[in-house]
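Open the model in a viewer and follow the stops below in order. Each one gives a selection and then what is found there.

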Amino acid sequence: MKSSQCLTLLALMGMSIAFPFPGLHRPSKRQTLMDLNDVDIVNYALTLEHLEATFYHQGLTNFTHSDFTTAGFPDPFYPNLATIAAHEAAHVTFLTTALLALNQTPVAACTYSFNTPDPATFIATAAIFEGIGVSAYLGAAPQITDKAILTAAGSILTVEARHNAYIRAAALAESPFPQTQDAPLTPDEVYTLASTFIASCPASNPSIPLKAFPTLKVTTTAGGKVTSGQVLDVETGDFELVAKDAGAHLYAAFVSANGPVFATLEAGSAGTAEAAAVGHAFRVTVPEGVNGQSYLLLSNCNETVSDRTVVAGPTFVEALITNDPLSPALVGARNSTLK
C-alpha cells in the first residue's frame, strides 16, 4: 500500500520570486480557487485574453502573409490565423464590457515579452497559449457561481479549444485531440505559466489574488521526442528545495483531467553539478497516459495535487501523437518555448 506523504512541506531557499506586477496582488499565504469571487475570475480570464490578443497582434504585425507561407504554412493558414487573432480581441472586448456592466474595473493589458523571432516559434507558442487557455477556463469553472458568467466562460472555452485543435493539426502536424478529456489548471498554476511572458502590469489594475509558484524547467528532451518511459531532466532554477525534516518527500506529477499522474522522480544531474548537489536538478520518467499538451509539476503529496501541495511548476511538456514524420522536431521547438 502506498504511504501517504501529504502533510510535511519542503522549504524553498534561494532567490525570492520576482513580482513586478502591481495589478496582481501577491498574497501573504497561498490562495485557493475558493478565495476568488466571480469578478476576480472574470478579471483573471481577461488577464489571459489580453495576453493572447496582444500576442497575436504583435505576431501578425511582425510577420507578413508571405513570411508564413515561406516558413511552410500555406494558405488558408494565414487567413485563419487572422481570424483567431480577431477572436481573441473580441474576447477582450466581451469580458471588458461584462465587467463594466457590473460596475467593476476591468484589468488593462500588461507589457509582455514574447520570444518569437520567426513564424515557426510564433506558431509553437500560439499552440501553447491556446492549450493553457482551455485548461484555465476548465480550472476556474467550478468556482463560478453566476450561471450567466459560467455560460459565457464556457462559450469562450470551446472557441479556445477549436483554436488549439486547428493550430495543432494544420500547422504542427500534431493530433488535434490527443486526450479524451482536457486537463484543468488552477489560477495559480496558470499564472505561473503566464507570468514568464509578463514584464509589468499597470499599477492602476484592480488586484487579483494570484501567486506564482517557483518555476520548473525541462532542460533536456532527447531531441524533442517526449514519450512514455522517457527520462526528462528538470531544474528549479534559482530555488533550492530543502526537506523540512526527515519525513518530507517530493513527487513529480503530470496534470490530467482525472487527477494527477505521478511519475518516478530522482535526483538529477541536469545543468551544473552544483545545481544537482543543492536540490535544483531532478530526473522525471514520463508515465503512461501522458499525451498531447501536458503540465509537469513537483508536489509534496503523493495522493493528490492542489495549490496547497505544489512545490514548483507547472511547466509545459508536449507528448506527441505523431501525424507527420517532421513533427518530433516541431515538438522540440514547443518544449523549449517555456524554458
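Is serine 299 buried or exposed? Select it: this is a predicted model, and serine 299 has 0% relative accessibility, so it counts as buried. The cut-off for buried is under 20% relative accessible area.

Keep serine 299 selected and show the strand around it, strand 10, which covers residues 292-299. Next, display the side chain of threonine 309; a polar contact of 3.2 Å links it to the side chain of serine 299.

The next stop is a pocket. Select Pro178, Gln179, Gln181, Asp182 and Ala183, which lie nearest the centre of the second largest pocket among its 27 lining residues. Helix 4 (119-140), helix 5 (147-170) and strand 10 are the elements that each give two or more residues to this lining. Which of them gives the largest share? Helix 5 does, with four residues. The volume of the second largest pocket is about 480 Å³. Colour its lining by class to find 13 nonpolar, 12 polar and two charged residues.

Now colour domain 1 (38-200) and domain 2 (217-326) separately. Why does the second largest pocket lie between them? Both domains give residues to its lining, so the pocket lies between the two.

Turn to the backbone, starting with the cis peptide bonds. Select aspartate 75 and proline 76: the peptide bond from the one to the other is cis, with omega near 15 degrees. Proline 76 sits in the loop that runs between helix 2 (65-70) and helix 3 (77-101). Then go to glycine 313 and proline 314, which are also joined by a cis peptide bond, with omega about 15 degrees. Here proline 314 belongs to a strand, strand 11 (residues 310-319).

The last stops concern phi. Select asparagine 103, which is not a glycine but has a positive phi of about 60 degrees. Its place is the loop between helix 3 and strand 2 (111-112), and asparagine 103 is exposed, with a relative accessible area of 72%.

Finally, select alanine 173, in the loop between helix 5 and helix 6 (187-194). Alanine 173 is not a glycine either, yet its phi is positive, about 55 degrees. At 16% relative accessibility, alanine 173 counts as buried.

Terms used
Residues are numbered from 1 along each chain as its sequence is written. This is a predicted model: local features need pLDDT of at least 70, side-chain atom pairs count only at pLDDT 80 or more; totals for chains, interfaces and linings use all residues. Side-chain values use heavy atoms; hydrogens and water are left out. Buried means under 20% relative accessible area, exposed over 50%, partly exposed in between (1.4 Å probe, protein chains only). A polar contact is a pair of N or O atoms within 3.5 Å; within protein, one must be able to donate a hydrogen and the other to accept it, and residues adjacent in sequence count only if both atoms are side-chain atoms. On a 1 Å grid over the protein atoms alone, a cavity is a set of points where a 1.4 Å probe fits but cannot get out, and a pocket is an open set with protein on both sides within 12 Å along at least five of seven lines; lining residues have an atom within 4 Å of a point. Grid points are joined across faces, edges and corners, and a volume is the space filled by probe spheres set on the points. Ala, Val, Leu, Ile, Met, Phe, Trp, Tyr, Cys and Pro count as nonpolar, Asp, Glu, Lys and Arg as charged, and the others, Gly among them, as polar. Domain bounds come from an automatic or database domain assignment.
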